[in-house]
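Morning, everyone. I'll take the helix contacts, then the strands and loops, then the confidence scores. Please have the structure open.

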Amino acid sequence: MPPRDQETALWWARIRAAGPQLVAAGTPVPPGLLRLAEPGGTQVWFTTDIPNAGGPATLDELDLPRPVLEMPNDTARVLAACVRCCWADPAGPLWPGVAVPSGLVVSVFRAMTGRDGIVAHRAVVGALRRLSWPGWLLWDTTAAVVRLGPRVAAWNQAELSTLRELWRSMPAPGPLPAGQDDVPGPEAGDDAAEVDA
Amino acid sequence: MSEMPTASPAHPVFEAVLAELSERHRDEVLAAFAAVEHSPEPVPEVQLAALRDATMRRSLDTLLNRVGRTLIPVGEQAWTSGYRDDIAAGLAAAGHHSLSATDRAVLVLVLIHSVAVPRSRGTVPGDAWTSGEPTMLAELQNASRVQPAELRAALQRLRAAGLVQLVPQRAGAGQSAAYLPGPQLHRLSAAARRRLQEALILAAAPASPLAAAIRARHASPGGSR
């Protein structure tokens, strides 16, 4: 394999193994990768761009099992709540969106589910953790803020149209309740419902 | 707002392989790519023409090669994909992986209890890392110095990644949870399975004649890494 192709293969494998890669803005874009400017201008994300027919959605058409996700419904709700909060203007591009206090995500999740207090917090913390490991979200636990992750930039136009409709039908982020402007970090408020055994 | 991400219309990596195929073969190869790359389990070849047909399978492997992957046979009639051996070596050398030291330690404990120990007793045949005896949660707690909360979090992450799987509770109340290696271990190439086996021997019995033989082979020119 020519060195250039070998280098491309290594980039694709790197992203498969460790998620989208944050690199210096001047780095040449390897073939087939999406380049996403990180706010600030000095860094960019590289992520893979797989043709739709080669992506995971094809598993449904082939009647093959999908990867197993724990608490799939709450995880999807929290991702939807993050899209609602971080996509400030759905007429514009989804990426990079805006960073919001994670308490805003909790407020949308509460409005969607009718759950309150510690129950909603636990569900949101568990889902934020599951979504931030693979790069769907960027979750700064110290500052308690959430952003959309670079993976969302690979969603295609049809998916974005669906998301726009969903955005409009979802409850708007509410005001942050006093003293609840963040969610506990991953070490606190562990989602006991998921613990094995 | 920053620029919109743009994807070129003709995909530079995929088209290099797909452009040479007929419309039908192209669809079949791309579907098989989706199946082996994203399915959590090996894909029976009866389900996909591009896995059954040797010519299309070669195109699929070429496509996978271009993104650092390769086709891996599982048993007689199923396929999955994994990293090319040279690419895996490059990733490992550069530290490109998503598992923390704790997660890796817990995974190794499951592999030792479920596969390595039973195989040394002769009860787990072959070289696969996916079958074996369940590892009880209590064994993991006793065998490691990882705190219980950290251990549970590591097991959750490993399950989410398909690297361990929970064994359905056997009859009998009060049993602790039990784990087996997960379906992602099918993605190890033959060379990767051998390296894992050798690394465990070197770690578990460094003074054994077997470990000495492995070290000698690694040290010799042309020996496996």
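Predicted model: local features only at pLDDT ≥ 70, side-chain atom pairs only at ≥ 80, totals over all residues.

The α1(A) and α5(B) crossing is right-handed. Who makes the contact? From α1(A) we have Gln6(A), Ala9(A), Leu10(A), Ala13(A), Arg14(A) and Ala17(A). From α5(B) we have Asp86(B), Ile87(B) and Leu91(B). Sorted by class, the α1(A) and α5(B) contact has six nonpolar residues, one polar and two charged.

Next, a pair inside chain B. Helix α2 covers residues 23-38 of chain B, and helix α4 covers residues 54-66. Their axes are 10 Å apart, and the packing angle is about 55°. That angle makes α2(B) oblique to α4(B). What is the handedness of the crossing of α2(B) and α4(B)? Right-handed.

Now the side of α2(B). His25(B), Glu28(B), Val29(B), Leu30(B), Ala32(B), Phe33(B), Val36(B) and Glu37(B) take part. They meet Met56(B), Ser59(B), Leu60(B), Leu63(B) and Leu64(B) of α4(B). The class count for the contact of α2(B) with α4(B) is nine nonpolar, two polar and two charged.

Third pair, now inside chain A. Helix α3 is residues 72-86 of chain A, and helix α4 is residues 102-113. The axes come within 9 Å, and the crossing angle is roughly 120°. Why call α3(A) and α4(A) oblique? The perpendicular class runs from 65 to 115 degrees, and antiparallel starts over 145. The angle of roughly 120° falls between those, so α3(A) and α4(A) are oblique to each other. Here too, α3(A) passes α4(A) in a right-handed crossing.

The α3(A) side brings Asp74(A), Arg77(A), Val78(A), Ala81(A), Cys82(A) and Cys85(A). Facing them in α4(A) are Leu104(A), Val105(A), Val108(A), Phe109(A), Met112(A) and Thr113(A). By class, the contact of α3(A) with α4(A) has nine nonpolar residues, one polar and two charged.

On to the strands of chain A. Three of them form an open sheet, in the order β1-β3-β2. The pairing is antiparallel. Which strands sit at the edges? β1, residues 21-24, and β2, residues 33-37, each pairing on one side only. From one strand to the next, the twist averages 35°.

Look at β2(A) against β3, residues 43-48 of chain A. Five bridges join these two antiparallel strands. For a landmark, find Leu36(A): it stands opposite Trp45(A) in β3(A).

Further along chain A there is β6, residues 145-148. How many bridges pair β4(A) with β6(A)? Two, in the antiparallel sense. Val100(A) has Val146(A) in β6(A) as its bridge partner. Then take β5, residues 137-140 of chain A: four bridges join β5(A) to β6(A), again antiparallel. Leu137(A) stands opposite Leu148(A) in that pairing. The hairpin of β5(A) and β6(A) has four residues between the strands. Ala144(A) in this hairpin takes a positive phi, near 55°.

Met71(A) has a phi near 45°, positive in a residue other than glycine. Met71(A) lies in the loop between α2, residues 58-61, and α3 of chain A. Then the peptide bond between Trp95(A) and Pro96(A): cis or trans? Cis, with omega about 0°. Pro96(A) is in the loop between α3 and β4 of chain A, with β4 at residues 100-101.

Last topic, confidence. The model scores ipTM 0.87 and pTM 0.86. Chain A averages a pLDDT of 87, and 89% of its residues score at least 70.

Chain B has a mean pLDDT of 87, with 91% of its residues at 70 or more. Residues 1-8 of chain B fall below 50. That stretch has 16 contacts in the model, beyond near neighbours in sequence.

That's my tour. Over to you.

Technical notes:
Residues numbered from 1 in each chain as written. Chains lettered and ligands numbered in written order. Heavy atoms only, no water. Axes fitted to C-alpha atoms, helices over the stretch in contact; angles between N-to-C directions. Parallel < 35°, antiparallel > 145°, perpendicular 65-115°, else oblique. Left-handed = near helix turned anticlockwise from the far one by under 90°. Contact = heavy atoms within 4.5 Å. Nonpolar A, V, L, I, M, F, W, Y, C, P; charged D, E, K, R; others polar. pLDDT = per-residue confidence, 0-100. Pairing = 2+ DSSP bridges.
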